[in-house]
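Q: Please take a close look at one part of the structure shown here, the end of the chain. Then set that part in its surroundings, with the cut-offs behind each term.

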Amino acid sequence: MKTLGLIGGMSWESTAIYYRLLNEIVRERLGGLHSAKLLLWSFDFAEIAERQHAGDWEGAGALLVEAARRLEAGGAEGLVICTNTMHKLADAVQAALSVPLIHIADATARAVVDAGVKRPALLATRFTMEQDFYKGRLADKYGLEPVVPDQAGRDMVHKVIYDELCQGIVTPESKSAYLDEVGRMRSADRVDGVIMGCTEITMLIGQGDFDVPVFDTTRIHAEAAVDFALS
């Protein structure tokens with residue numbers, strides 16, 4: 001089994017889910033007392049979020065590259081960035097490494113294609129919904145047509161992520177707001193699936209809330225990481 005390096009803490013709420021999933025998936029596949037071989041770098045998320053909202057992606061990238069190099073020096077044989085949004089910096093991180101970076105958008109796109117979904121709703125942080133690093137990858141590499149909410153919807157989805165989910169707050173009101181937004185998108189935009197494109201969203205909604213395919217990027221990414229670790 002290869003050792004995975006996790007760049008986490010963005011937020012630690014979803015990194016904790018990654019840790020649990022990675023170990024559960026390894027146990028499911030190998031049985032007995034098996035668990036994942038992991039190294040974890042966990043950021044103080046406030047330092048990252050401040051740079052995100054200030055548009056200082058170069059500064060955020062320098063922090064991620066430093067973390068990635070330390071994980072590789074510590075023995076990581078593959079890297080996982082435990083967040084969708086920070087894959088904006090995935091190319092810079094990969095360029096600093098001699099080991100592979102397992103990209104969350106590639107793993108997610110393959111799952112979407114395999115499910116026969118073409119126009120998934122993409123719920124995520126404002127950065128992921130409004131910038132092209134994620135949507136463009138889904139479209140250009142995999143021929144998908146991801147759809148994001150309108151301005152009011154994007155504001156609501158982003159606010160719930162940062163003001164609630166990243167702080168461990170889960171409310172029925174926010175769940176209802178997410179469900180209503182997806183319902184609106186199904187009517188207005190003809191979406192045929194839902195990408196939970198922020199790793200914290202799995203805390204709020206899931207497949208049981210919808211009658212179209214839902215793609216939990218946290219689990220999908222963890223499955224891809226274990227595939228690599230056991231290859």
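A: Leu230 is found in the segment after α10 (217-229); helices (H or I, at least four residues) and strands (E, at least two) are DSSP runs, numbered from the N terminus. This is a predicted model, in which local features need pLDDT of at least 70 and side-chain atom pairs count only at pLDDT 80 or more, while totals for chains, interfaces and linings use all residues. Residues are numbered from 1 along each chain as its sequence is written, and side-chain values use heavy atoms, with hydrogens and water left out.

Leu230 has a relative accessibility of 31% and counts as partly exposed (buried is under 20% relative accessible area, exposed over 50%, partly exposed in between, with a 1.4 Å probe and protein chains only). Together with Met1 and Leu30, Leu230 makes a nonpolar surface patch of about 220 Å². Patches consist of residues with over 30% relative accessible area and no salt bridge, like charges being joined within 9 Å and nonpolar side chains (Val, Leu, Ile, Met, Phe, Trp, Tyr) within 5 Å. Areas come from the Shrake-Rupley method with a 1.4 Å probe; for residues, only the protein chains shown count as cover.

Arg219 forms a salt bridge with Glu223, with 3.5 Å between the closest N and O atoms; the term stands for a side-chain nitrogen of Lys or Arg within 4 Å of a carboxyl oxygen of Asp or Glu. Arg219 and Glu223 are four residues apart in helix α10, so about one helical turn separates them. Both are partly exposed, Arg219 with a relative accessible area of 32% and Glu223 with 24%. Salt bridges that share partners also bring in Arg29 and Asp227, so that Arg29, Arg219, Glu223 and Asp227 form one network.

Helix α1 (residues 12-30) includes Ala16, which is partly exposed at a relative accessible area of 39%. The C-alpha atom of Ala16 is 9.7 Å from that of Cys82, although the two residues are 66 apart along the chain.

Within α9, the side chains of Arg184 and Glu181 meet at 2.8 Å, N to O, and the two residues are three apart, about one turn of the helix. Arg184 is partly exposed at 29%, whereas Glu181 is buried at 9%. Lys175 pairs with Asp209 at 3.0 Å, N to O. Lys175 lies in α9 (residues 172-189) and Asp209 in the loop between β5 (193-196) and β6 (214-216), so this bridge ties together parts 34 residues apart in sequence. Lys175 is partly exposed at 28%, and so is Asp209 at 29%. In total the structure holds 15 salt bridges.

As for the whole, the protein has 10 helices and six strands. Its radius of gyration is 17 Å, close to the 17 Å that the globule rule gives for 231 residues, so the protein is as compact as a globular protein of that length; the radius is taken over C-alpha atoms, and the rule is 2.2 Å times the number of residues to the power 0.38. Along its principal axes the C-alpha trace spans about 50 × 40 × 35 Å. Of the 231 residues, 55% are buried. The protein exposes about 9700 Å², 50% of it supplied by carbon and sulfur atoms. Among contacts (heavy atoms within 4.5 Å) with a separation of 6 or more, 75% are between residues 24 or more positions apart.
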